[in-house]
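This report concerns a single protein chain and its three-dimensional model. Please consult the sequence and the structure displayed below while reading.

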Amino acid sequence: MKDKLSKIKKDFESSLKKIADLDSLEELYNEYFSRKAGEMTNIMKSLKELSGEERKEMGALANTIKTAMEELFENSKKTLENNKWETLLETEKIDITQAKLPVERKGHLHPVTLVQNDLEDFFTSMGFMLLDGPELESEFYNFEAVNIPDDHPARDMQDTFYIKNRDNLVMRTHTSSVQVRAMQKYGAPLRMIVPGKVFRNEATDPRHEHTFHQLEGVVIDKNITFGDMKGVIERMVKHLYGEDTQVKLRPKFYPFVEPGVNGEVTCFLCKGSGCRVCKNTGWLEIFGAGMIHPNVLKAGNIDPKEYQGFAFGFGLTRLVMLKYGIEDIRHLESGNLKFLQQF
Ligand code: DAH
């Protein structure tokens, strides 16, 4: 019995040395001390079978060994628990001295928005209201109200998308659709701009896209002249391209103005001497404008005998393409990150 006891103790000690985690320690403990089948438990039970003196002696010895083993067990448990926290502290450690990791840029404004914001600031600083209107527009506001009747050939210039089963609704082809809406709502005098998306049923190519942006402007008051129009436009293009930029107006037909002009400005790149951007003309064609047609004022419930006004429409998308040297209009609505991340 004595030998058995000291063997048990030795085995226990050598197993204990190999234990590296709390779960295995628990298993080892059960091997020796579980109530049903633990080796040490069995020994303690078998003491009953011994007689008198021997039982006393062996009982005392067994108890000493048992206590010693339990002590060893408790000690390793404490050590393993400490180690566990130390490893945790080590692995979960935050190094507050580490340099900031590079953060990927989340996003930024679209080039069209950048130019639009700039022009909104410019015009609102001159007292213009900033308006918008529906992109899905009635045929009335998009065409009839701005003097393009149903049977007029000018409709052919702006083919658009019609909505199935919704007669009289179209995707607006120009921001001029907001002119009469604004006149009806605010009356005269009026000073407003409308930047926004417009749509055309186009076969797309590097210069044509089904969706693009314009910026419309309207000024209505008593005694407004063609000179006022030129002055405002001149201020705007000088703001965009510098003080030495000149404006050239050439007659052009637009149904909603009379007289109407097509506007060109000095090429910002070559300053007029001719280059790739202006196709060697020295001029860039960027807007249409004119004195508002009396029929349009009438549609907006404004008396053309009392008030006059001018209107202009800038190709906002075109301004953006020129500013950043974008050679294909289709990049702008493509959502292509490789393109967008350049701005
Ligand atoms: N709406 C015209 C277009 O989309 C642009 C335009 C020309 C607007 C002359 C105007 C204007 O207000 O007076 O082509």
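**Overall form**

The model is predicted. Its protein chain contains eleven helices and nine strands. The radius of gyration is 44 Å, well over the 20 Å that the globule rule gives for 343 residues, so the protein chain is more spread out than a compact globule. Taken along the principal axes, the box filled by the C-alpha atoms is roughly 135 × 50 × 40 Å.

The chain is divided into domain 1, covering residues 2-92, and domain 2, covering residues 111-340. The centres of domain 1 and domain 2, taken over C-alpha atoms, are separated by 91 Å.

Of the 343 residues in the protein chain, 41% are buried. Among contacts with a separation of 6 or more, 65% are made by residues 24 or more positions apart. As to charge, the chain carries 47 positive and 52 negative side chains. The centres of these two sets lie 3 Å apart.

**Helix H10 and its cover**

Which residues of helix H10 are buried? In this helix, which spans residues 316-324, the buried positions are Leu316, Thr317, Leu319, Val320, Met321 and Leu322. Just after H10, Gly325 adopts a positive phi of about 65 degrees.

Gly59 belongs to helix H4, residues 52-91. Its relative accessibility is 14%, and Gly59 therefore counts as buried, the cut-off being under 20%. Not counting residues up to four places away in sequence, Gly59 touches Leu47 and Glu54. Gly59 and Met44 are 15 residues apart in sequence, and their C-alpha atoms are 7.7 Å apart in space.

Asn30 is located in helix H2, residues 22-33. With a relative accessibility of 38%, Asn30 counts as partly exposed. The C-alpha atoms of Asn30 and Thr41, eleven residues apart in sequence, are 9.9 Å apart in space.

**The loop between H6 and E3**

Two residues described here lie in the loop between helix H6 (139-142) and strand E3 (169-171). One of them is Asn147, which has a positive phi of about 70 degrees although it is not a glycine. Is Asn147 buried or exposed? At 17% relative accessibility, Asn147 counts as buried.

Arg155 is also placed in the loop between H6 and E3. Its relative accessibility is 10%, so Arg155 counts as buried. Which residues does Arg155 touch, not counting residues up to four places away in sequence? They are Glu139, Phe143, Glu144, Ile148, Pro149 and Asp150. The C-alpha atom of Arg155 is separated by 22 Å from that of Leu316, which is 161 residues away along the chain. Leu316 is one of the buried residues of H10.

**Backbone geometry elsewhere**

Lys279 lies in the loop between E7 and E8. Its phi is near 50 degrees, a positive value in a residue other than glycine. At 59% relative accessibility, Lys279 counts as exposed, whereas Asn147 counts as buried.

Cis peptide bonds are found at two proline positions. The bond joining Ala188 and Pro189 is cis, and Pro189 is situated in the loop between helix H7 (177-186) and strand E4 (190-199). The peptide bond from Glu258 to Pro259 is cis as well, and Pro259 is part of strand E7, residues 257-266.

| Site | Angle and value |
|---|---|
| Ala188 to Pro189 | omega about -5 degrees |
| Glu258 to Pro259 | omega near -5 degrees |
| Asn147 | phi about 70 degrees |
| Lys279 | phi near 50 degrees |
| Gly325 | phi about 65 degrees |

Methods:
Residues numbered from 1 in each chain as written. Predicted model: local features only at pLDDT ≥ 70, side-chain atom pairs only at ≥ 80, totals over all residues. Heavy atoms only, no water. Helix = DSSP H or I, 4+ residues; strand = E, 2+ residues; numbered from the N terminus. Rg over C-alpha atoms; globule rule 2.2 N^0.38 Å. Buried < 20%, exposed > 50% of the residue type's maximum accessible area, 1.4 Å probe, protein only. Contact = heavy atoms within 4.5 Å. Lys, Arg positive; Asp, Glu negative; His and termini not counted. Charge placed at Lys NZ, Arg CZ, Asp CG, Glu CD. Domains from an automatic or database assignment.
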